[in-house]
Amino acid sequence: KEGLYVTEADMTATLRVDVQNSSRRYSGRYGASLNQRFGMAPNQETNTKLISDVLSDALTRAFKDPTIGQILAQ
């Protein structure tokens with residue numbers, strides 16, 4: 001039933017993480033995106049949850065990077 005959607009949201013989050021410990025430095029970019037279609041315009045609570053989900057996904061990707069963990073553990 002294509003074409004029945006009232007609105008569509010494309011959200012993208014990109015984080016740059018810089019880590020430094022002693023003489024080691026590391027910089028990484030982590031991103032996440034979401035495409036959501038709605039039958040009717042979403043309310044503020046739904047918008048907040050979608051944005052939170054995208055940001056959470058990007059942060060999770062950063063914290064799962066083993067290089068960041070190695071540098072912070074030194």
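Asp53 is partly exposed, at 38% relative accessible area (buried means under 20%, exposed over 50%, and partly exposed in between, with a 1.4 Å probe and protein chains only). The model is predicted: local features require a pLDDT of at least 70, side-chain atom pairs count only at pLDDT 80 or more, and totals for chains, interfaces and linings use all residues. Numbering starts from 1 along each chain as its sequence is written, and side-chain values use heavy atoms, with hydrogens and water left out.

Confidence was examined next. The protein chain has an average pLDDT of 90 (the predictor's confidence in each residue, from 0 to 100). Of the residues, 93% score at least 70. Helix H1 has the highest confidence, at 95. Helix H2 (residues 66-73) has the lowest, at a mean of 90. Helices (H or I, at least four residues) and strands (E, at least two) are DSSP runs, numbered from the N terminus.

Asp53 pairs with Lys49 in a salt bridge, at 2.8 Å from N to O. A salt bridge here is a side-chain nitrogen of Lys or Arg within 4 Å of a carboxyl oxygen of Asp or Glu. Both residues belong to helix H1. They sit 4 residues apart, about one turn of the helix. Lys49 is exposed, with a relative accessible area of 52%.

By this rule there are 4 salt bridges. One of them joins the side chains of Glu8 and Arg37, at 3.7 Å from N to O. This pair connects distant parts of the chain. Glu8 lies in strand E1 and Arg37 in strand E2, 29 residues apart. Glu8 is partly exposed, at 43% relative accessible area. Arg37 is also partly exposed, at 35%. Asp18 and Arg16 form another bridge, with their closest N and O atoms 2.7 Å apart. Asp18 is partly exposed, at 48%, whereas Arg16 is exposed, at 59%. Side chains of opposite charge can pair when their charged atoms come close.

Helix H1 was then checked for length. At 1.5 Å a residue, its 20 residues should span 28 Å. The expected span is 1.5 Å times one less than the number of residues. The end C-alpha atoms of H1 are 28 Å apart, which agrees.

The buried residues of H1 are Leu50, Val54, Ala58 and Ala62. Viewed down the helix axis, they fall within an arc of 120°, so they line one face of H1. The arc is that of the directions from the helix axis to the C-beta atoms. E1, E2 and H2 are among the elements that cover these residues. The face turned away from the buried side carries the exposed residues Glu45, Lys49 and Phe63.

The largest nonpolar core contains 7 residues: Met11, Ala13, Ala32, Phe38, Leu50, Val54 and Ala58. Such a core is a set of buried Ala, Val, Leu, Ile, Met, Phe, Trp, Tyr and Cys residues joined through side-chain atoms within 4.5 Å. Strand E1 (7-21), strand E2 (24-38) and helix H1 (44-63) each supply at least two of its residues. H1 gives the most, with 3 residues. A second, separate core has 5 residues, including Val19, Tyr30, Ile68 and Ile71. In soluble globular proteins, nonpolar side chains tend to be buried together.

Contacts of Val54 were listed without residues up to four places away in sequence. Val54 touches Met11, Thr12, Ala13, Ala32, Ser33 and Leu34. Contact means heavy atoms within 4.5 Å.

Gly31 is found in strand E2. Gly31 is partly exposed, at 32% relative accessible area. Leaving aside neighbours within four places in sequence, Gly31 is in contact with Ala13, Thr14, Ala58 and Arg61. Thr60 lies in helix H1 and is partly exposed, at 33%. Thr60 and Ala32 are 28 residues apart in sequence and 9.7 Å apart in space, C-alpha to C-alpha.

The loop between E1 and E2 contains Ser22. Phi of Ser22 is near 60°, a positive value in a residue other than glycine. Ser22 is exposed, with a relative accessible area of 66%.
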